[in-house]
Amino acid sequence: MTSVPRAFQRATVAAAEACFKSGASRRFLVADEVGLGKTTVAREIVRRLSHDGTKHLTVYYVTGNTRVSDQNATRLVDFLADEAKKAARSKADRLSMIPLFKPSDFPLRLYSLAPLTSFPPETTRPNTGSAVERAFLGLLLEAAVPGVLEALPNGFMQQRAKSGWTRACDAAARLFGKGDTKLIAAYRDALRGRFGYGLKRKIVASAVSDSPSRALTVLRRLLAEASLIGHPPDLIIFDEFQGFRHLLAPAAGDRLGQALLGTGRKKPAMLLLSATPYRLYGDAWDGKAGAQAHEELFDTIEFLTRDKVVRKRAEDLFSSFGEVLHAIGDAGEDDVDQHLAGRAVTIRQEIEALLRPHIARTERLPQSDAANRTHQTPLPVAVPDLRMFKHFATPLTDRNRSAASAYWLSVPLPAQALGARYKIVDKIDFRREPALPMLNANRRLGEGQDGWGNPKLRALQAINGASDLALPWVAPSLPWWTPAGPWEGSPSPKTLLFSRFRATPQSVAALMSLGVEDAYLDKAGAARRKGWDGKRLQPKSGLPVMGLFHPSPFLIRETDPLAGGHATPALALRTVSAQIRAALHKLCITVRSKPKKDAERAQAAWSLLASIERRSGDFTNSQAAWEQASDDESVLGKIVGDRHTFEPIDWISARELRRLAELALAGPAVVVGRAVRRHFPDAIASDHLPTLVWFCWHRLRTYLDKSVFWQRLGRGNPTEILLEAVKQGGLESVLDEHFWLALGQTKPAQLIEELGSALHPSLGSFTFKSLPTGSAPIRLRCHAAVPFSGSDSADSETTVRALIDDGTDRPPRAEGLRRAFNTPFWPHILATTSVGQEGLDFHSWCRRIVHWDLPSNPVDLEQREGRISRYGGLLVRRPLGKDHKSQALLAATESKRSPWIEVARLAEGDRGDAKGLAPWWACKGASVSRHVLALTKSRDLARFDHLQRQRLLYRLALGQPNQEDLVNHLARGSDHKIAQLSRLAIDLSPTPVD
């Protein structure tokens, strides 16, 4: 699927370019609604300003979320070739570390920076940086101020670093070399700007009088200042800037902040990205008064225009607009007064004309809940649930007991799941109680089938049954034949779950994964570990395994089930059988149907294909690819080496033809190769075949070889089970859909490599406390369901590893989980908190969202659902695939390309609109499957209805004081009046350019 900018995105790019070239403020805000591709706009601006990477351009990409940075930074330069893309992206993730990396000669440079590490505050949360950074800082400080290191307190630079300090110093010395004289001079100037003259004495005095962490933070900020002056940006992209708004208004004495915004005539262009450039604070449900969010909007307008007069004009216009809206709300009629509506439209147009030169915002048409499918059946509370609450609440202190219900409602097994970071359970000794659901080493199988004493978990178990979670992949949106067996009826897709507390995703993911193991491993205690580790697809299993995972170039090239009858697997098998027979005939290999002895010969497919590939000219390449894949495995190496003993043949038996046809139709490796070849024709060429072989053996085989899968798919011979599953579950159509979708973010040659990295994330585990407290903890695996709520601190270590070990190229664990969820494979549930709420994509194979706990305001509700309502997501592919299936499959028969290419052509012709939003962001039949988990008679039921009404109106509160009061006032009207009011919202969509 291509990521070519659509009409509304091209219009936004043009508006931003016009602002940058105007010579005035050179600041522009892209405020498109959640999920409409602000990163695509930013990428296109980078491409144009850099003249496709040929013109010198230094870009700072600043975002407060490292997960968003990991996802988006590569996308900003994905218009470049692979090697150029690597050269353009710096490994430095903070300003102070830019000098540590030698810049490439490539004209375009992209630095991904986090506010907390690049612009650390001096007064709150001092940040001393990494050990390598401090070691480098020490060398630079000594070069700028000779003798200062000796005078500093012992261990000042080392801080808490211990075993890794020597290695950090060695790395710093290697990077520092003889010292960059310009950097040394710039750092000395920065020191003098802060301390004046007498640097040595004043720096030492600061280190002694202040806390070491604060003194180091000051020195780091000065290094960042010197780095910024030495590597000034031409373009700064502030992504979701409302999270670090202080950078837009630095204090007069903040030299680093002032330098970022530009000094003298050298002022960089600034691109701000945010779906919510102002914040809508939590309403009365939160019990918080909140700040006046409208002031933030006017601060943003003043920043963008650099003009207080424009700010004042905006304040006056928004004030008048608010007066009219209040008057409309005060009127009791069911219709909006036309005179008031006319006044509102006039003022709205003036506001739009004032802001459009600096702000662009494209929105979908507001949708009522009728456009989506909301499931909010009240959840009954069972007796075990109340026992769980009593067990948790009773031992708590009087001060904390009032909060017990919130934790009990949200966190399954709260006494065991809440860790030391939660003060509510600090020093609390929870005891075991008879008949109480709990985890222990000797628990009974199936003990958690009723939700472990949690009504929400019980509801989730009903939404995502173990039978669906135990499937190795989800059903396709455009099946080539009717899914059967475990995939009959196209089982429910993946689930994205949002909760309030950080312990909830971990507990939910671990217990849902445990439920899958309970259903299919049929073992408890120590035997469970052995059952989980049991493997059935090892090379010692014999040659049938080798045939399953051999991506035979001959079979991939010569067969295509879509090129003939394929309405059923039986017809598709006849099609590929005829194709193989015809290909063998060209190689002068006959098929013997008699005598019976010859017709029933059953040579293993692995050896048979080796002999055929000698005749087809594929043997040398496939042998070389397998030798690379078996480099460190002795058993596999011997099996691969034996291929040299297989001689060319001039006939095969009818039985062997049937086996080859079965492998061609449903062999996992052949299916992968044929699917990727529809999008990358060179997939089986000599320089790419090794990647395909390595993936099939080391990634796909190991992924599929799970005891849970074997038990779910049925008992019997592993080879026959897997061949049947590939047919029943339409694996080839699933992979074809996935590769087509991935082309929007991945080069064709990298499709297999990208999928391989996603099939190999560290899914992790979660540790529960045992009862009574103090006994050995219980660790559960997370696999079918995973938590996405870890700390960003682990992710930041990527840069440090890059400094010490140049060979590292692993994505952070959180990014690996996101990639895995965005494949049709495990995990099927991703549970998260507000960490996953903004800026991240989870839409590829998910259209169901579960609100485990409700957000506090409609903006957060929209942000959550924006994770799956995005470009080309499952939301739109399901109805498009259904509507265009027959035509797309017919076109694929003739073109031998992906049916999705024809779906895209037909959909854009039939359903496209002038803006370019349809069909890939919105189309008929595209609906979020939304589940609200609320107890019977819970106020959450009323809260959700209220949030939905607010969601239709909150845009009217832009620029207004007391936003929640205004929205609530307007929301009291009828549905008809609310629909009329929503059409008065300010429209900042850019002027179309074509």
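Thr-833 touches Phe-498, Ser-499, Arg-500, Phe-501, Arg-502, Pro-505, Phe-788 and Ser-789, leaving out residues up to four places away in sequence. Contact here means heavy atoms within 4.5 Å. Thr-833 sits in the loop between S14 and S15. Thr-833 is buried, with a relative accessible area of 6%. Buried stands for under 20% relative accessible area, exposed for over 50%, and partly exposed for what lies in between (1.4 Å probe, protein chains only).

This is a predicted model, in which local features need pLDDT of at least 70 and side-chain atom pairs count only at pLDDT 80 or more, while totals for chains, interfaces and linings use all residues. Residues are numbered from 1 along each chain as its sequence is written, and side-chain values use heavy atoms, with hydrogens and water left out.

How far can the model be trusted? The predictor's confidence in each residue is its pLDDT, on a scale from 0 to 100. The chain has a mean pLDDT of 87, and 93% of its residues reach 70 or more. Over residues 281–291 the pLDDT is below 50, and this stretch has 19 contacts in the model beyond near neighbours in sequence. Residues 790–812 also have pLDDT below 50, with 39 contacts beyond near neighbours in sequence. Where pLDDT is low, the predicted coordinates should not be read in detail.

Now take the strands. Helices (H or I, at least four residues) and strands (E, at least two) are DSSP runs, numbered from the N terminus. Two strands pair if DSSP finds at least two bridges between them.

Angles run from 0 to 180 degrees between N-to-C directions, and axes are lines fitted to C-alpha atoms, for helices over the stretch in contact.

Look next at S5 within this sheet. Strand S1 (residues 27–30) pairs with strand S5 (residues 269–273) in the parallel sense, over four bridges. Leu-29 stands opposite Leu-272 in S5, and Val-30 stands opposite Leu-273. S4 and S5 also run parallel, joined by five bridges. There, Asp-239 stands opposite Leu-273. Is S5 buried or exposed? Five of its five residues are buried. In a regular strand the side chains alternate between the two faces of the sheet. In S5, Ala-269, Leu-271 and Leu-273 lie on one side, with Met-270 and Leu-272 on the other. Both faces are covered.

Strand S8 (residues 494–498) and strand S15 (residues 846–851) pair in the parallel sense over five bridges. Phe-498, one of the residues touched by Thr-833, has His-851 in S15 as its bridge partner.

Asp-650 lies between helix H29 (634–641) and strand S10 (651–653). Asp-650 is partly exposed, with a relative accessible area of 47%. Leaving aside neighbours within four places in sequence, Asp-650 is in contact with Cys-588, Ile-589, Thr-590 and Arg-615.

Finally, the helices. Helix H39 (residues 858–866) and helix H43 (residues 939–953) pack at about 85 degrees, with axes 9 Å apart. H39 and H43 are therefore roughly perpendicular to each other. Angles under 35 degrees count as roughly parallel, over 145 as roughly antiparallel, 65 to 115 as roughly perpendicular and the rest as oblique. Pro-858, Leu-861, Glu-862 and Glu-865 in H39 meet Phe-944, Leu-947, Gln-948, Gln-950 and Arg-951 in H43. H43 also takes part in another packing, along with helix H14 (308–330) and helix H44 (963–971): the buried residues of H45 pack against them. In helix H45 (residues 975–982), those buried residues are Lys-977, Ile-978, Gln-980, Leu-981 and Ser-982.
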